[in-house]
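Q: I've got a model open and I'd like to learn how to read it feature by feature. Can you walk me through it?

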Amino acid sequence: MAGHSQFKNIMHRKGAQDAKRGKIFTKLQREITISAKLGLPDPAMNPRLRAAIQAARKENMPKDNIERAIKRATGDGDDSDYVEIRYEGYGPAGIAVIVEALTDNRNRTAAEVRSIFTKHGGSLGETNSVSFMFNRVGELVFPAKAASADAVFEAALEAGADDVQSDDESHTVTTSVEGFAAVRDALEEKFGAPDSAGLVWRPLNTIAVNEEQGAALLKLLDTLDDNDDVQRVSANFEIPDEIMARLTA
């Protein structure tokens with residue numbers, strides 16, 4: 001379970017730009033709705049729904065919004081039928097990109113995602129055109145204050161996790177897809193709710209990009225992330241910290 005994390009800027013997160021509260025709420029509400037629809041509307045009996053609600057609370061979503069999103073899963077006041085779709089393609093510098101979306105209109109979302117790729121120097125490919133370059137894994141992120149690195153490591157090892165990476169801000173626990181639920185439940189019981197928990201795409205290898213390529217790539221990823229239907233964007237790039245600091249300043 002040892003090793004060094006190289007994935008701080010691979011699963012792209014926009015940080016300060018996520019102050020666009022309305023878009024965040026839209027994405028979170030859709031995740032809550034589909035989580036409740038695919039399982040039970042009770043978070044105690046539905047781990048994915050529980051994780052979605054925890055994410056919503058972290059963003060200070062009002063309780064009424066959360067409850068309405070759960071009710072939509074049973075058709076209460078909303079006949080939208082959201083489905084999960086994955087898009088794959090290439091960005092600038094040949095970077096592999098996976099886009100996970102929740103949509104009630106496949107044609108609209110496909111057209112919008114394709115247009116974003118094209119306008120930002122990329123190209124949308126077929127399903128499975130780049131996913132072979134990634135591993136599908138479970139990931140839990142706990143705040144650093146939850147416990148010491150040694151305590152998290154030992155608990156994760158005992159629970160069956162594959163890897164733990166700790167730094168001054170967080171503990172990131174990686175699991176197999178099959179073992180994710182058991183590890184999540186064990187660590188939640190010991191350390192409380194994680195900051196995030198779910199299945200993610202982890203690249204097998206990363207591609208280093210320079211500042212010009214990085215700027216173009218971040219524009220693509222930011223524009224994808226701005227789309228209401230897009231839930232998560234993953235890519236196999238690596239940008240040195242000093243360049244990333246300039247690009248996100």
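This is a predicted model: local features need pLDDT of at least 70, side-chain atom pairs count only at pLDDT 80 or more; totals for chains, interfaces and linings use all residues.

Q: Is H171 buried or exposed, then?
A: The relative accessible area of H171 is 3%, which is under the 20% cut-off, so H171 is buried. Its place is in strand β6.

Q: What does the side chain of H171 reach in there?
A: For polar contacts, the idea is to look for N or O atoms within 3.5 Å of each other. The side chain of H171 reaches the backbone oxygen of A144 at 3.2 Å. That side chain also has a polar contact with the side chain of S166, at 2.7 Å.

Q: Which residues does H171 touch, leaving out those up to four places away in sequence?
A: There's a run of them on the list: L140, V141, F142, P143 and A144 are among them. Others include A147, S148, A149 and V152, and Q165 and S166 are also touched.

Q: How many residues of strand β6 are buried?
A: Six of six, over residues 170–175, so the strand is mostly covered by the under-20% rule. To read a strand, check its two sides separately. On one side of β6 sit S170, T172 and T174, on the other H171, V173 and T175, and all of these are buried.

Q: Which strands pair with β6?
A: Strand β4 (residues 134–143) runs antiparallel to β6 and is joined to it by six bridges. One of the bridge partners to look up is T175 in β6, which goes with G138. Strand β5 (residues 163–166) also pairs with β6 in the antiparallel sense, over four bridges. There, V164 has V173 of β6 as its bridge partner.

Q: How do I describe a pair of aromatic rings?
A: You give the distance of the centres and the angle of the planes. Rings pair when their centres lie within 6.5 Å, and planes over 60 degrees apart count as edge-to-face. By this rule there is one aromatic pair here. The rings of F142 and F191 have centres 6.0 Å apart and planes at 70°, so this is an edge-to-face pair. F142 belongs to strand β4 and F191 to helix α6 (residues 180–191), so the pair ties together parts that are 49 residues apart in sequence. F142 and F191 are both buried.

Q: Which residues of the largest nonpolar core touch the most other members?
A: Think of a core as buried nonpolar residues joined through side-chain atoms within 4.5 Å. The largest one has 23 residues, and V97, F117, L224 and F237 touch the most other members. At least two residues of this core come from each of β1 (83–90), β2 (96–103), α4 (106–119), α7 (211–226), β9 (230–235) and α8 (241–247). The largest share is that of α7, with five residues. A second, separate core has 14 residues, including L28, A52, I66 and A73.

Q: How many helices and strands does the protein chain have?
A: Eight helices and ten strands. Of its 249 residues, 45% count as buried. The accessible surface comes to about 12700 Å², with 49% belonging to carbon and sulfur atoms. Among contacts between residues at least 6 apart in sequence, 73% join residues at least 24 apart.

Terms used: Residues are numbered from 1 along each chain as its sequence is written. Side-chain values use heavy atoms; hydrogens and water are left out. Buried means under 20% relative accessible area, exposed over 50%, partly exposed in between (1.4 Å probe, protein chains only). Two strands pair if DSSP finds at least two bridges between them. Rings of Phe, Tyr and Trp (its six-membered ring) pair if their centres lie within 6.5 Å; planes under 30 degrees apart count as stacked, over 60 as edge-to-face and the rest as tilted. Contact means heavy atoms within 4.5 Å. Accessible areas come from the Shrake-Rupley method with a 1.4 Å probe; for residues, only the protein chains shown count as cover. A polar contact is a pair of N or O atoms within 3.5 Å; within protein, one must be able to donate a hydrogen and the other to accept it, and residues adjacent in sequence count only if both atoms are side-chain atoms.
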